[in-house]
Amino acid sequence: MTNYPRDEFDRVPEFSTRVGSHHAHGWAQSAAAKGKDSKLRWVVLSAIAVLLIGGAGFFFGPGIADRLAGSEPTQTSTPAENESSPEQSEEPSESATPSSTIDDADVLYGQLIGVYNGASIAGAAGAGEELLGDADFTNIVTDNWTRDAETSTVYYMSEAYRTTAEKAAEVLNIDEVLQTQNIPNRVSVVLGADDTLNLK
């Protein structure tokens, strides 16, 4: 006989169909309870994860989609940016004739200038005289040069006539301007075979 208090298992009826009974708080019930708790925990954690992913997709979804697609936002430009103004589209036009660097105040327009045909081109001296007259020179004589000249040249005797000679050369499209004493006039123009007046 034991000294433990009696319980329901000590009072077994004489005739009973009950088999396999055990204590209510045994290991089987504990295991079953733990299984239910772990399943419930996973369901709750899964629900929280779904909510977090959904919230992140709602707030950051469009930006992520653009980055994954590799597309960049396109910028729209206003018509004012696309259309260039006439001032911008047109290139500055070059003037037909370069501007003169000669100070007209220093030009002796009344000085005697000789225009000589050194190229045997008919009418060369007369054409030079006409051009100089149109440029306001007033004292011009014409003649043939003593020998053939390959290059058109304007000669002047001294520095006092240099600007006048340069102006005459500019009018007649002549590049050579030389100082010499061996000329018939203080300023003499010799029209050569290079035909600066385009008479041919």
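Mentor: Let us start with Trp-42, which counts as exposed at 60% relative accessibility, where exposed means over 50% relative accessible area, buried means under 20%, and partly exposed lies in between (1.4 Å probe, protein chains only). Before going further, please keep in mind that this is a predicted model, in which local features need pLDDT of at least 70 and side-chain atom pairs count only at pLDDT 80 or more, while totals for chains, interfaces and linings use all residues. Residues are numbered from 1 along each chain as its sequence is written, and side-chain values use heavy atoms, with hydrogens and water left out.

Trp-42 lies in helix H1, residues 27-69, and helices here are DSSP runs of H or I with at least four residues, strands being E runs of at least two, numbered from the N terminus. Together with Leu-40, Val-44, Leu-45, Ile-48 and Leu-52, Trp-42 makes a nonpolar surface patch of about 650 Å². A patch takes in residues with over 30% relative accessible area and no salt bridge, joining nonpolar side chains (Val, Leu, Ile, Met, Phe, Trp, Tyr) within 5 Å and like charges within 9 Å. The chain as a whole has five helices and five strands, which run α-α-α-β-α-β-β-α-β-β from the N terminus on, and 22% of its 200 residues count as buried.

Side chains of opposite charge can pair when their charged atoms come close. Four salt bridges are found in a search of the whole structure, a salt bridge being a side-chain nitrogen of Lys or Arg within 4 Å of a carboxyl oxygen of Asp or Glu. One of them joins the side chains of Asp-104 and Lys-167 at 3.4 Å, N to O; since Asp-104 lies in the loop between H3 and S1 and Lys-167 in helix H5, this pair ties together parts that are 63 residues apart in sequence. Glu-170 is partly exposed at 35% relative accessibility. Through shared partners, the salt bridges join Asp-104, Lys-167 and Glu-170 into one network. Another of the salt bridges links the side chains of Glu-159 and Arg-162 at 3.4 Å, N to O, with Glu-159 partly exposed at 48% and Arg-162 partly exposed at 36%.

Helix H5, residues 162-171, also holds Ala-168, which counts as buried at 0% relative accessibility. The C-alpha atom of Ala-168 is separated by 7.5 Å from that of Val-154, which is 14 residues apart from it along the chain.

Lastly, there are the aromatic rings. Rings of Phe, Tyr and Trp (its six-membered ring) pair if their centres lie within 6.5 Å, and planes under 30 degrees apart count as stacked, over 60 as edge-to-face and the rest as tilted; by this rule the count comes to two aromatic pairs. The rings of Tyr-109 and Phe-137 have centres 5.0 Å apart and planes at 50°, so this pair is tilted. Because Tyr-109 lies in the loop between helix H3 (86-89) and strand S1 (113-117), and Phe-137 in the loop between helix H4 (124-134) and strand S2 (140-144), the pair ties together parts 28 residues apart in sequence. Phe-137 is buried, with a relative accessible area of 4%. Tyr-116 and Trp-145 also form a tilted pair, at 5.3 Å centre to centre with 55° between the planes, and this pair links distant parts of the chain, Tyr-116 being in strand S1 and Trp-145 in the loop between S2 and strand S3 (153-156), 29 residues apart. Both Tyr-116 and Trp-145 are buried.

Conventions: Accessible areas come from the Shrake-Rupley method with a 1.4 Å probe; for residues, only the protein chains shown count as cover.
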